[in-house]
Amino acid sequence: MKTKPQLTLLVSFLFAGLTWQANAAEEAENSISPTPFVTIERGDLPIILTAPHGGASSIPDVPRRQGEGVQKFSSLSDAGTARLGVKLADAIEQRFGKRPYLVVAHFHRRYVDANRPPDLAYEVTPAEKVYDRYHNAIANARREVTERWGHGLLLDIHGQAADPKAIFRGTQNGLTTKHLLSRFGDEALRGKTSLFGQLAQQDFRVIPAVDDTDREHDRYDGGFTVVTYGSGRGGTIDAIQLELGRSFRNADEVERTAKRIASAVFNFSNEYLPRKATNQVELPLSDSEELVRVGVYVDQGVGRSVKDLLKALAVSSDLKVDQLKAEDIREGILDRYDVLIQPGGSGSGQGKHLGAEGREEIRDYIAAGGGYIGICAGAYLASADYDWSLHVLDAKVIDRKHWARGRGDVEIGLTEAGQLAFQRSKPKLTILYSQGPLLAPADRDDIEDYEVIASYETEIAKNGAPKGVMKGTTAIARGKFGEGRVLCFSPHPEKTGGLESLVIHAIQQVRKTKNQDRQLLESAK
Ligand SMILES: [Zn+2]
């Protein structure tokens, strides 16, 4: 095995493991589970929801904050607001047909106060990563919304104890909505058509009242998040802090509260937010400032789908993508890459062209920590089932005889791990299948068992293939080989409109990482 150059990449899959989805978030509020720290979801609306104070989790190796010398120190949570953030995203999806961006903290405020600048937010180093995770996600969402729509709205959700039946507005008296005010005037902040005007029309009591020119309550007039990400310091994202009374946040009421706020946001949006994205480019929510180096095998055994793959990779400015020949691989070029992708085409064609030497190079590279993604043929190639395959995924191929079983859309069901990995709020996906492998555990002792990320729920059975065999087999598998990670798609996300970003998420899952980060990952489990 070769020695690897020292890497300085941030771990993204570490954080992906900490990401938490809607259903789990509900439980998180009542649990002290150490894992669910931050929910991060990419949206398809120019709306960002953040909730910093609703969490209940402790963080490994992070003691309670002492708050010495911190003004307005508080370690009390805003009960119910993490759940409200998730429910509001759901309600907005129902109203708009699309989801907002969502960043929800599930750690308790007594360990990290996500609505403070770093020097006041936490007191020990292990808390920094969780804090950064939360804020990088907001910064990335803000950048994306700006790029995709030109301008947008951030709502920071809090709870206040001063008035159980009111919602206080926090914009630093208009500063954090400077862009909105400059375009539409005072009405957009204080009038009937403003967000708080729309909330009032949903029968919320709002403070300050509609059309009132009173200053905002000086305890609830907008904190670090809206000041940092709002338009007061430039930019085109307007940020508003919502401080909700207790009556709106209790478990019985939270769903109704979410629906009422969603209606207000919807009406506000019709007046003030862009309807159509000006730029549909999708970017990964990456934590790293360095480029991820991706090598794509483009040589014998590769089919036309590689063009779609390269296109899917090209939209991400966080990747440096190179095309590799079998000969490059045999000469040891993989040392330079964080991820190798073997695309669709012919698994045996690729395996044979790589030759025993090339295949051994790939095995060594993964064993030493390299990431591997196989798509269709690349998944055949990863399997432990052929003399020309890599034997890096503990999988065999079911019904090998009828490999040419046809092509078409199928449904797959993501497991909970799959939803986390790909940041999807719903488990079902429709995806293009084109004679990919029907994977099942091979139960080899020398390779770690793989994890099922998605299974086939419908099937293709043409050209004499028997019915009923494909359903239930593994559609997406994630495994470990030595120090490295392997993720295989039997179907074709890169050729399925709307699912191209699954490849980007897969890169985040398997990319090579520093050893110390890996240890942190293990300890965070
Ligand atoms: Zn708060």
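The model is a predicted one, and its secondary structure comes to 17 helices and 18 strands. Of the 525 residues in the protein, 59% are buried, while the protein exposes about 20700 Å², of which carbon and sulfur atoms supply 47%. Among contacts between residues at least 6 apart in sequence, 78% join residues that are at least 24 apart.

The largest pocket holds about 760 Å³ of space, and of the 31 residues that line it, Lys72, Ser74, Arg109, Arg116 and Arg219 are the closest to its centre. Two strands, β4 (152-159) and β7 (237-244), each supply at least two residues of this lining. The table gives the lining by class.

| Class of lining residue | Number in the largest pocket |
|---|---|
| Nonpolar | 10 residues |
| Polar | 11 residues |

Is glycine 484 buried or exposed? Glycine 484 has a relative accessibility of 0%, and because buried means under 20%, this residue counts as buried. Glycine 484 is placed in strand β18, which covers residues 484-489. Leaving aside residues up to four places away in sequence, glycine 484 touches Ile366, Ala367, Gly369, Gly370 and Gly479. Glycine 484 and aspartate 338 are 146 residues apart in sequence, and their C-alpha atoms are 9.9 Å apart in space.

Technical notes:
Residues numbered from 1 in each chain as written. Predicted model: local features only at pLDDT ≥ 70, side-chain atom pairs only at ≥ 80, totals over all residues. Heavy atoms only, no water. 1 Å grid on protein atoms, 1.4 Å probe; cavity = no way out; pocket = protein on both sides within 12 Å on 5 of 7 lines; lining within 4 Å. Points joined across faces, edges and corners; volume = space filled by probe spheres on them. Helix = DSSP H or I, 4+ residues; strand = E, 2+ residues; numbered from the N terminus. Nonpolar A, V, L, I, M, F, W, Y, C, P; charged D, E, K, R; others polar. Buried < 20%, exposed > 50% of the residue type's maximum accessible area, 1.4 Å probe, protein only. Contact = heavy atoms within 4.5 Å. Areas by Shrake-Rupley, 256 points an atom, 1.4 Å probe, with all protein chains shown as cover.
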